Amino acid sequence: QVQLVESGGGLVQAGGSLRLSCAASGSISSLTNMGWYHQAPGKQRDLVATITRGGTPNYADSVKGRFTISRDNAKNTIYLQMNSLKPEDTAVYYCYADRRPVLGGPPGPYKHWGQGTQVTVSS
């Protein structure tokens, strides 16, 4: 099993910054891509950013130039540095991790989710 624990959410004024963290534990040796989704009330859960195990990032167009995803494999942790925050960034942010099946290894699921952390940006 994989457990993901997010931290760093909170209330911030527009233009401010937050840094989210997601620490993975459990069956983590075969983790591959990790990243972040967010979900506002009444809306779909949308992908924000992903990062490969090797550190290659990808971003949704809405956050390019403002957010930075990073990864510390030694700590089994990913981060989302959120700068120039806007009210429309307000959402619950969910960490996810993909795990590659390994012969003789632990069974699925192979996509794991954190519990979510609330980010609220006031205007």
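Three aromatic pairs are present in the structure. Rings of Phe, Tyr and Trp (its six-membered ring) are paired if their centres lie within 6.5 Å; planes under 30 degrees apart count as stacked, over 60 as edge-to-face and the rest as tilted. Y37 and W113 are an edge-to-face pair, because their ring centres lie 5.1 Å apart and their planes stand at 65°. This pair joins distant parts of the chain, with Y37 in strand β4 (residues 31-39) and W113 in strand β10 (residues 111-113), 76 residues apart. Strands here are DSSP runs of E, at least two residues long, numbered from the N terminus.

Please note that this is a predicted model: local features need pLDDT of at least 70, side-chain atom pairs count only at pLDDT 80 or more, and totals for chains, interfaces and linings use all residues. Residues are numbered from 1 along each chain as its sequence is written, and side-chain values use heavy atoms, with hydrogens and water left out.

Buried means under 20% relative accessible area, exposed over 50%, and partly exposed in between, with a 1.4 Å probe and protein chains only.

W113 also pairs with Y96; that pair is tilted, at 6.0 Å centre to centre and 45° between the planes. Y96 belongs to strand β9 (residues 91-99), 17 residues from W113 in β10, and this pair too links distant parts of the chain. Y96 has 4% relative accessibility and therefore counts as buried. Together, Y37, Y96 and W113 make up one aromatic cluster.

Next, R45. Its charged end sits over the ring of W113, 4.9 Å from the centre, and also over the ring of Y94, 3.6 Å from the centre. The criterion is that NZ of Lys or CZ of Arg is within 6 Å of the ring centre and within 35 degrees of the ring normal.

Finally, the lining of the largest cavity. Which residues line the largest cavity? They are I28, L31, M34, R53, R71, D72, N73, N76 and T77. On a 1 Å grid over the protein atoms alone, a cavity is a set of points where a 1.4 Å probe fits but cannot get out, and lining residues have an atom within 4 Å of a point. Strands β4 and β7 (67-72) each contribute at least two residues to this lining.

Technical notes. Helix = DSSP H or I, 4+ residues; strand = E, 2+ residues; numbered from the N terminus. 1 Å grid on protein atoms, 1.4 Å probe; cavity = no way out; pocket = protein on both sides within 12 Å on 5 of 7 lines; lining within 4 Å.
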